[in-house]
Amino acid sequence: MSGPRVVLPGSSLSREGREHWISAADPGQEITATIVLRRRASAAKLGEELLAGTAKPVSREEAGDIGADPQELAAIEKFAESNGLKIAGENAAARTLRVEGAVQQMESAFGVKLAWFEDAEGHRFLSYQGAISIPEGLQGVIVAVLGLDRRPAAQPRC
Amino acid sequence: MPIFERRITLPGSERTEPRNAQPIGPVEPEQEVSVTVVLRRKGAEPVMPQPGKLHIHLTREQFKLLHGADPADVAMVEQFAKKYQLTVKGSDLAKRRVILSGTASAMAEAFSTTFVCYHSEITGRDFRARTGMLSIPMELEPFVIAVLGLDTRPVAKPHFRRRSKIAPRAAQGGTFTPPQVAALYNFPAGLTGKGQTIAIIELGGGYNTSDLQTYFGGLGISQPNVTSVSVDGGQNSPGQDADGEVMLDIEVIGAIAYEANIVVYFAPNTDQGFIDAITDAVHDTTNKPSIISISWGAPEDSWTGQSQTAMNSALQDAAALGVTVAVACGDNGSSDGQGDGKLHTDFPACSPYSLACGGTTLAGSGGTISSETVWNEIANNEGATGGGVSTVFALPSYQNSAGVPTQPQTAFAGRGTPDVAGNADPSTGYQIRVDGQNEIVGGTSAVAPLWAALTALLNEKLGSPVGFLNPKLYPLNEAGFHDITSGNNDDGGLGYYSAGPGWDACTGLGSPDGTALLAALTPGTSASASSGD
């Protein structure tokens with residue numbers, strides 16, 4: 001799936017001198033990424049209904065009804081496979097697709113350069129500079145691509 | 001000319017042997033090592049704003065001149081680097097640091113240390129470590145505060161709220177076991193969480209069964225059923241700082257809802273790990289948790305937009321599937337520890353689909369609360385409840401009538417946190433057991449599992465999960481809550497936020513009266529219509 005690409009909104013990373021580049025990633029290193037899809041069109045209003053307390057209860061068995069659109073999931077599978085990535089798991093109800101592949105394949109699939117960075121506390125982690133891009137045809141369908149930026153995300157609150 | 005011959009140890013640089021790791025050999029001498037040298041301030045400490053006093057904020061440039069590093073000190077570090085064949089990669093006066101890089105052997109000589117390569121049993125990765133003290137030339141001693149990055153062992157960076165052991169202050173009301181807190185909050189009697197499953201999300205640390213046996217045995221409670229689930233390779237890995245979090249969460253829940261199944265989802269501390277763990281718990285068709293407890297977070301603006309969107313939509317799934325998600329609001333007051341003169345909320349607590357849990361200081365005994373105020377021990381360096389108004393998430397409709405102010409610095413009409421509160425002050429904290437030790441721990445980290453446990457009791461009694469609680473709680477008009485009206489979570493002298501009647505950005509609707517809350521949520525009752533203080 002080559003052709004025009006678009007930036008994935010909210011994927012731009014700015015380091016502002018807090019972290020510094022250590023070395024390029026090993027192109028052969030295998031990593032896993034989680035692709036998150038949007039909700040199917042029929043459930044697009046779910047969020048507002050929940051906040052207003054008017055949403056209909058959904059059981060885990062029915063979660064597919066508020067999950068991903070099967071056609072959109074298939075389009076992402078095709079995109080992943082065309083970039084040599086392996087589908088390591090998918091869950092239409094959870095709107096997630098887990099893909100595995102070498103750093104090099106991830107870089108070409110998502111238009112980034114992966115590298116090791118270190119922050120002021122000495123944590124070292126794999127990350128990228130700039131922003132993730134995806135094929136134009138998947139614009140809006142892909143909500144997030146997680147796992148290409150592996151900095152510590154959170155602290156315990158105790 | 002400095003000669004850099006006499007050396008002195010760098011205070012506070014001591015490192016012990018890494019835990020849970022095996023030495024596997026020397027570090028390759030030619031390996032590139034990069035370090036950050038932190039310098040002292042040139043001038044005085046910046047004046048911290050005081051509540052009620054006019055404070056003039058400095059521009060970044062003024063700050064650099066007044067409170068940054070001395071250019072002469074940076075020049076001295078540059079000479080030192082040259083002598084030891086290190087390269088200066090960059091320096092920043094305002095941030096008071098110089099970044100040096102060089103080979104491992106040059107670094108070892110420059111700071112008088114030796115490196116050993118270790119294999120971590122926890123992460124499965126190799127890392128570089130050193131032990132003992134660093135030394136630096138006398139010429140650098142007056143102004144070098146720290147040298148960071150020589151050692152790359154995995155670091156959990158908890159801002160633990162263990163009660164200070166050095167200077168115990170006059171206790172307001174002593175500390176509590178979780179059942180004592182449940183009694184003060186009038187949790188409904190005769191309920192055990194039977195038939196309920198509570199998920200706990202952990203991004204590090206672990207539990208060991210012998211500590212749990214000792215702890216629950218000491219409380220005279222049969223040990224709850226605790227199992228773990230691995231997410232993205234995360235494992236139950238006791239022996240880390242984050243054990244305090246894991247044990248607090250399990251012990252608070254297990255001491256109150258002791259017949260509930262507790263399932264701990266261990267994931268790596270990355271946004272992927274965090275979001276995958278929540279998604280896995282929400283959609284877990286084997287364990288089927290109806291409640292998720294999350295005591296991890298980070299300031300709202302430290303997240304990328306895409307991970308915030310993904311996390312929020314996973315929490316939306318939880319709400320849709322009737323899973324209650326209790327989330328700690330942070331322990332660093334209205335700044336959330338950012339120290340940039342701005343107000344910050346903590347994420348994922350500030351997602352509109354989270355039950356955001358704030359903290360109080362609680363005194364009382366038996367079933368009687370003698371006082372309860374907003375947790376703010378900033379003056380004693382023991383934290384304060386997070387809480388405030390999001391700059392990302394819009395005001396949800398369930399908060400339309402709650403009186404949430406617009407964000408004071410941006411005027412954004414955002415989601416207000418917390419929704420609810422509970423005891424969190426370490427000085428009135430929870431007696432728990434961690435890594436073979438009895439400890440007193442607090443933090444909003446205790447409040448999320450406290451509400452998770454209460455929710456399990458409600459679900460047990462009501463016969464079906466209460467699910468996404470927020471739209472149900474706000475119309476109750478304070479029925480089921482102790483409204484906390486005294487105190488503030490001001491950090492940094494910005495003057496925000498204060499508690500008051502009804503919802504506020506320190507304690508939300510308040511701390512629970514569990515029995516009254518059960519009554520108010522029982523279908524067919526009209527507890528909500530007229531009650532409230």
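What follows is a close look at one helix, and then at other parts of the two chains.

Q: Which residues of helix H3 of chain A are buried, and which elements do they pack against?

A: The model is predicted. Helix H3 of chain A covers residues 103-110, and its buried residues are A:Val103, A:Gln105, A:Met106, A:Ala109 and A:Phe110. Seen down the axis of H3(A), these buried residues fall within an arc of 160°, so they line one face of the helix. Their packing partners include four strands of chain A that can be listed by residue range: E3 (30-37), E5 (96-102), E6 (114-119) and E8 (133-135). Strand E9 (142-146) and helix H2 (70-82) of chain A also pack against the buried residues of H3(A). Just after H3(A), A:Gly111 has a positive phi of about 65°.

Helix H2, one of these partners, also holds A:Lys78. A:Lys78 counts as exposed because it has 12 C-beta neighbours inside 10 Å, and a residue with 12 or fewer is classed that way. From A:Lys78 to A:Glu61 the separation is 17 residues in sequence and 27 Å in space, taken C-alpha to C-alpha.

Between the chains, 47 residues of chain A are in contact with 66 residues of chain B. H1(A) gives the most, with 4 residues. By class, this side of chain A has 25 nonpolar, 14 polar and 8 charged residues.

Helix H9 (residues 444-462) and helix H11 (residues 514-521) of chain B pack with their axes 11 Å apart and at an angle of about 45°. H9(B) and H11(B) are therefore oblique to each other, and their crossing is right-handed. From H9(B), the residues in the contact are B:Leu454, B:Leu457, B:Leu458, B:Lys461 and B:Leu462, which meet B:Gly514, B:Leu518 and B:Leu521 of H11(B). Sorted by class, the contact of H9(B) with H11(B) has 6 nonpolar, 1 polar and 1 charged residues.

How values were computed
Residues are numbered from 1 along each chain as its sequence is written. Chains are lettered from A and ligands numbered from 1 in the order in which they are written. This is a predicted model: local features need pLDDT of at least 70, side-chain atom pairs count only at pLDDT 80 or more; totals for chains, interfaces and linings use all residues. Axes are lines fitted to C-alpha atoms, for helices over the stretch in contact, and angles run from 0 to 180 degrees between N-to-C directions. Angles under 35 degrees count as roughly parallel, over 145 as roughly antiparallel, 65 to 115 as roughly perpendicular and the rest as oblique. A crossing is left-handed if the near helix is turned anticlockwise from the far one by less than a right angle, and right-handed if clockwise. Two residues are in contact if their C-beta atoms, placed from the backbone, lie within 7 Å. Ala, Val, Leu, Ile, Met, Phe, Trp, Tyr, Cys and Pro count as nonpolar, Asp, Glu, Lys and Arg as charged, and the others, Gly among them, as polar. A residue is buried if 20 or more other C-beta atoms lie within 10 Å of its own, exposed if 12 or fewer, and partly exposed in between; C-beta atoms are placed from the backbone. The arc is that of the directions from the helix axis to the C-beta atoms.
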